[in-house]
Amino acid sequence: MHGSSIVKTGVIAAMISTLGMTTSALAEKTYSGRDKLIAHSDEFQKRIIEVTEGVYAAVGYSASNVTLIQGKDGSIIVDTSANPVDAKAIMAAFGERLRHPVKAIIYTHNHPDHTGGATVFAGKDQPAIYSHKLLVTAKPDTGRGRRDGGDAFGTKLPDEDFINAGTQLEYGRTTPHTRDGFIPPNDTFDGAEKDLTISGVSLKLIFTPGEADENISVWLPDGKVLIAGDVFLKTFPNIAPLRGLPTRPVEKWIKSLDTLIALDPDFVVPGHMGTIQNAADAKDALTAYRDGIKFVYDKTMEGIAKGRTPDELVQEVKLPDNLAKHHYLQEFYGTVAWSVRGIFAQQAGWFDGNPTHIFPLTDKQRAEKLIALVGGTDKLLKNAQDALGSGEAQWAAEQADHLLAVDGKNSAALDVKIKAFRELGERQMNATTRNYYLTVANSLKAERATQE
């Protein structure tokens, strides 16, 4: 990983001119969320972890973890990194621990950061390629097209703005996620599990849908090692992604975690970030992860039954302290609020029950009426600027949106929106939120420059 992509505390020079602050004034401004996100980057340090005898995890060399299982006369690889470049670096890091031939490659799921380097590990060994049958027909996990330059992964952010991507240090910023190294699976299963013995190693492939519909977890019963894929991560799960994807199947996810908890593993290798090296920590983390998802789901469903709106539920549904403080439920990637909204839409549809919202005014119609109500464009702009100056960045952005709905080239309103988004972005501990705010701010700044 190149050093310029690691943002240290205090690397904020790029926002000084945008916010119009002096260096000393900005240096005095602290953001606890940003500092937590910076500390979270320690999870992505490059290292080879000996999980237990014969099992090694490569962490931080690519967007996702790659696990090496040594067999009697060869090796097994679980997930293959994001691309051939990263895969070659991991091969070199494994060194003599990787015994040829590679007998098998196992994909936990279809996401490109887990499947992009298979050709490198396979070489000329012609390994069997295992996955769940659903991987063959899985749709690309792409999300909506960019709106206003939005990007939850921060792919185009300058280094001084970028910290990490929540579950990985970077998402294609140095080496892109590609399908260049993907090899289609040639041995799939469509049931709940599949027992295998490969190169003398007994293992079980377990269907555990969650973040991906086709996710499987790999269980090594002799060593009590669980390789979980993306059904378990060291961050609150991304149940309803900001980048625009269907809400993940929450009930299935909970059931998957019940299955993994019942295994009582001694060691856990998640799809991203560091490993767990003892049974007590494994049980605690898996249980908290399951309980956190279940709590949000249950409370949202209770609220729906009582007629609560999504906006009301976002304010009401909060994790209890023991879960909110748990290391595996910090909101670096997903958030409770988005999960509530996603579950509401998944279970109750788009309508919140208020008839006013059945056929609402367009943004422009509403803005024209509000601007007239407050006394004109100049008055609303002054209110927005005052809100920004008093630290009410969200209110400033909302007022700027009304002005821009009427006149998309209003330079002063664009300036308020850019500054508001930069301020909101710097406050975040959630990586995808930060990346989206700052990328849109930069995109709007470029747009405004073309108008001048």
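Is Phe232 buried or exposed? Phe232 is buried, because its relative accessible area is 0%. The notes below concern the aromatic contacts of this predicted model.

1. Overall count. Five aromatic pairs are present in the structure. Two of them are taken up here, with the details of each.

2. Tyr107 and Phe182. This pair is stacked, because the planes stand at 20 degrees, under the 30 degrees cut-off. The ring centres are 5.4 Å apart. Tyr107 sits in the loop between strand E5 (102-106) and helix H5 (112-115). Phe182 sits in the loop between helix H7 (134-137) and strand E7 (187-189). The pair therefore ties together parts that are 75 residues apart in sequence.

3. Phe182 has 22% and is partly exposed.

4. Phe232 and Tyr289. These rings pair edge-to-face, with 80 degrees between the planes and 5.2 Å centre to centre. Distant parts of the chain are linked by the pair. Phe232 belongs to the loop between strand E11 (225-229) and helix H8 (250-263). Tyr289 belongs to helix H9 (residues 279-305). The separation is 57 residues. Tyr289 is buried, with a relative accessible area of 0%.

5. Charges over rings. Arg97 lies over the face of Tyr56, 5.6 Å from the ring centre. Arg173 lies over the face of Phe162, at 4.1 Å from the ring centre.

Key: Residues are numbered from 1 along each chain as its sequence is written. This is a predicted model: local features need pLDDT of at least 70, side-chain atom pairs count only at pLDDT 80 or more; totals for chains, interfaces and linings use all residues. Side-chain values use heavy atoms; hydrogens and water are left out. Rings of Phe, Tyr and Trp (its six-membered ring) pair if their centres lie within 6.5 Å; planes under 30 degrees apart count as stacked, over 60 as edge-to-face and the rest as tilted. Helices (H or I, at least four residues) and strands (E, at least two) are DSSP runs, numbered from the N terminus. Buried means under 20% relative accessible area, exposed over 50%, partly exposed in between (1.4 Å probe, protein chains only). A charge sits over a ring if NZ of Lys or CZ of Arg is within 6 Å of the ring centre and within 35 degrees of the ring normal.
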